[in-house]
Amino acid sequence: MSDARVNEPRPDPATGPNEAELAEAGLRLDVDGAIATITLNRPERRNAMTFATWRGLARIGESLPDGVRVVVLRGAGPSFSAGIDLGMFSGGAGPEDAGAGGGFPDGADEAASDRFIAGLQAGYTWLRRPEIVSIAAVHGHAIGGGFQLALACDIRVIADDTKFCMKEPALGLVPDLTGTKPLVEIVGVNRALELCLTARTVLADEAARLGLAELVVPRDALDKTVAEIVTALLAVNPGAAVATKRLLLEAPHNTLDEQCAAERREQIGRMRDLFGAESA
Ligand code: CAA
């Protein structure tokens, strides 16, 4: 990739992707009140992802309407996602990704390459925002970037045909789409190392045992189960939901004293909202 491409100006974050951009990204977005559903939508390629997919996800995150409280990520067709579009390694994944090396920076300009990868990671990081709860509804294969997308979500509901695989090291790459941190937090360093460096497939029952799934359901019950969880999430007071997610995200990094203080701070905010003069 030339430096000119790496340094290209980004689209205005305030405006979300239009239909043509979503189609190029292989994504569908349906917003229904407080629920946004993002469908990875290249079933004929098993929802393989390109740079356009990751940038499209970032744009969706940047432009998400304020009222959205739950974001569901799902895949069309037989799989959640087969990960990076392998055509990108040969420049055959689409116009944006054409050229020698498939549009990857060669790393010569370290700062530009860093910005380039950060722009792709932005497609995943927003799913942790306290203002939303993100749910990955996974079925079939979730490989590489697809597995990492599931890991970026707050809750993973998986079908019993799910197959997770962290394939990047087998391709000479590292998992760089924000997946290493949640993976280690969930399964520990040693298991994460074993999974990544063997690039082996984890089936649904093992995924549940390892904590990689909050719930395993029969394939034909996936949509219904996710809908039930969404309903339950939306029944909770919105302010309490945001404050509680913020609190839980802080917990692993805090000492007990710090976390107790954080609980007091958040609860005082809740008391103000619920019982304060302005809410009366
Ligand atoms: N990229 C491009 N095309 C893909 C693809 C991918 N990752 N995965 C599947 N496809 C295409 C196939 O080429 C095939 O196309 P044709 O119909 O034109 O032949 C079509 O999708 C259907 O695929 P299969 O017939 O193979 O479907 P399957 O259900 O039998 O198998 C699969 C599904 C196990 C996902 C298999 O397709 C596969 O192993 N795909 C490659 C997975 C892979 O190695 N991904 C890279 C992960 S690493 C990563 O993601 C790195 C990163 O983020 C930085």
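Me: How do β4 and β6 run, parallel or antiparallel, and how many bridges join them?
Reply: In this predicted model, β4 and β6 run parallel and are joined by four bridges.

Me: Which residue is the bridge partner of Ile-135 in β6?
Reply: Ile-155 is the partner of Ile-135 there.

Me: What else does Ile-135 touch?
Reply: Leaving out residues up to four places away in sequence, Ile-135 touches Val-70, Val-72, Cys-153, Asp-154, Ile-155, Val-157, Val-226 and Ile-229. Ile-135 is also among the residues with the most contacts inside the largest nonpolar core, along with Ala-137 and Ala-150.

Me: How many residues has that core?
Reply: The largest nonpolar core has 59 residues. Helix α3, residues 51-62, supplies the largest share of this core, with six residues.

Me: Why would nonpolar residues gather like that?
Reply: In soluble globular proteins, nonpolar side chains tend to be buried together.

Me: Back to β6. How many of its residues are buried?
Reply: Four of the five residues in β6 (residues 155-159) are buried, so the strand is mostly covered.

Me: Which strand pairs with β6 over three bridges?
Reply: That is β9, residues 215-217, in the parallel sense. Ile-158 has Val-216 in β9 as its bridge partner.

Me: Now β2. Which residues are on its covered face, and which on the uncovered one?
Reply: Ala-36, Ile-38 and Leu-40 make up the covered face of β2 (residues 35-40). Ile-35, Thr-37 and Thr-39 make up the uncovered face.

Me: Why every second residue?
Reply: In a regular strand the side chains alternate between the two faces of the sheet.

Me: What does β2 pair with?
Reply: Strand β1, residues 27-32, pairs with β2 in the antiparallel sense over six bridges. Strand β3, residues 70-75, runs parallel to β2 and is joined to it by six bridges. Among the facing residues, Asp-32 has Ile-35 in β2 as its bridge partner, and Ala-36 stands opposite Val-71 in β3.

Me: And the turn between β1 and β2, how many residues lie between the strands?
Reply: Two residues lie between the strands of that hairpin, and Gly-33 takes a positive phi near 60° in the hairpin.

Me: Which residues other than glycine have a positive phi?
Reply: Asn-47 is one of them, with a phi of about 55°. Thr-178 has a positive phi near 70°.

Me: Where are Asn-47 and Thr-178?
Reply: Asn-47 is in the loop between β2 and α3, and Thr-178 is in the loop between β7 (163-165) and α6 (180-187).

Me: Is Asn-47 buried or exposed, and what about Thr-178?
Reply: Asn-47 is buried, because 31 other C-beta atoms lie within 10 Å. Thr-178 is buried too, with 20 other C-beta atoms within 10 Å.

Me: Changing topic: which residues come nearest the ligand?
Reply: Of the 20 residues around the ligand, Ala-48, Ala-82, Gly-83, Gly-144 and Gly-145 come nearest.

Me: How does that shell divide into nonpolar, polar and charged?
Reply: The shell around the ligand has nine nonpolar, six polar and five charged residues.

Me: Last one, what confidence does the predictor give?
Reply: The chain averages a pLDDT of 92, and 90% of the residues score at least 70. Confidence is highest in strand β4 (residues 133-138), at a mean of 99, and lowest in helix α1 (residues 3-6), at 42. Over residues 1-8 pLDDT stays under 50, and the model has 13 contacts beyond four places in sequence for that stretch. The complex gets an ipTM of 0.98 and a pTM of 0.93.

Terms used: Residues are numbered from 1 along each chain as its sequence is written. This is a predicted model: local features need pLDDT of at least 70, side-chain atom pairs count only at pLDDT 80 or more; totals for chains, interfaces and linings use all residues. A nonpolar core is a set of buried Ala, Val, Leu, Ile, Met, Phe, Trp, Tyr and Cys residues joined through C-beta atoms within 7 Å. A residue is buried if 20 or more other C-beta atoms lie within 10 Å of its own, exposed if 12 or fewer, and partly exposed in between; C-beta atoms are placed from the backbone. Two residues are in contact if their C-beta atoms, placed from the backbone, lie within 7 Å. A residue is near a molecule or strand if its C-beta atom, placed from the backbone, lies within 6 Å of it. Ala, Val, Leu, Ile, Met, Phe, Trp, Tyr, Cys and Pro count as nonpolar, Asp, Glu, Lys and Arg as charged, and the others, Gly among them, as polar. pLDDT is the predictor's confidence in each residue, from 0 to 100. Two strands pair if DSSP finds at least two bridges between them.
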